[in-house]
Amino acid sequence: MLSSDTPATAPATAPTGRPTLDVAVVMRRERLHGPSSHWQPWRWTLDSVQPDEPGFGTEPRLLRDDGGAQQWLHPGFKVELFRDEAEGYHLNAITPTPCWFVLWRMDEEATLSTEPIPRPVVVTLSYYEAGRWLDAQETVEQVPAPAEVVDWVRAFVDEHYVVEPKRRRRPESFRSLVDRFGNAASVSTEKKRGRGAGDV
């Protein structure tokens, strides 16, 4: 079984020139208890994100099955840092517990096991990217990232993230007035005269 304390592999640079880390994802199946277990005896969840190693191979494999739980290793994921996601990394890095975000989907049919298993699709460290996946109704889970990975992200953020200056909001008094049809409206301070205008 893999340990969550396994040290991270050294960051590298992808052919694209972007910083990258090779990781593997561990998914866990655990038995449910209580009334809901009658119709759903098991639940799949994200267990951990580990440094990828050559010995892991390239295909998912069962790590543990004790009858009450299973762990499946999914190797071969690459986490790249993109400049246009710098703010998303920043928002993740400043939280009390910076995280890995993993999007995963269930197999439609049983292929590696007697039942369908979950398949991680992509791993990111960007808060914004994870948010876009959630907006698309995807399944996204998170687990804490180790300190050395957080330091790696923060160094990237320090180099590439530029805080956008807040634009000064135009005072309401300078907003152009329009009528209910969207046409420009004028305001007059001249006192109205005639019947119905306040004169008696």
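Of the 200 residues, 34% are buried, where buried means under 20% relative accessible area, exposed over 50%, and partly exposed in between, with a 1.4 Å probe and protein chains only.

This is a predicted model, in which local features need pLDDT of at least 70 and side-chain atom pairs count only at pLDDT 80 or more, while totals for chains, interfaces and linings use all residues. Residues are numbered from 1 along each chain as its sequence is written, and side-chain values use heavy atoms, with hydrogens and water left out.

On confidence: pLDDT is the predictor's confidence in each residue, from 0 to 100. Its mean over the protein is 82, with 72% of the residues at 70 or more. Residues 3–7 stay under 50, and for that stretch the model has seven contacts beyond four places in sequence, a contact being heavy atoms within 4.5 Å. Where pLDDT is low, the predicted coordinates should not be read in detail.

Next, the fold. There are three helices and eight strands, in the order β-β-β-β-β-α-β-β-α-β-α from the N terminus. Helices (H or I, at least four residues) and strands (E, at least two) are DSSP runs, numbered from the N terminus. Taking contacts between residues at least 6 apart in sequence, 64% join residues at least 24 apart.

Which strands form it, and in what order? Three strands make an open, antiparallel sheet in the order 7-6-8. On average, neighbouring strands are turned by 35° against each other, direction ignored; the axes are lines fitted to C-alpha atoms, and angles run from 0 to 180 degrees between N-to-C directions.

Strands count as paired if DSSP finds at least two bridges between them. Strand 6, residues 99–106, has six of its eight residues buried. Six bridges join strand 6 to strand 8, residues 139–144, and F101 has Q142 as its bridge partner there. Strand 6 also pairs with strand 7, residues 118–124, over six bridges, with P120 as the partner of W104.

Last, A147, in helix 3, residues 147–160. Buried or exposed? A147 counts as exposed, because its relative accessibility is 53%. A147 and T97 are 50 residues apart in sequence, and their C-alpha atoms are 9.8 Å apart.
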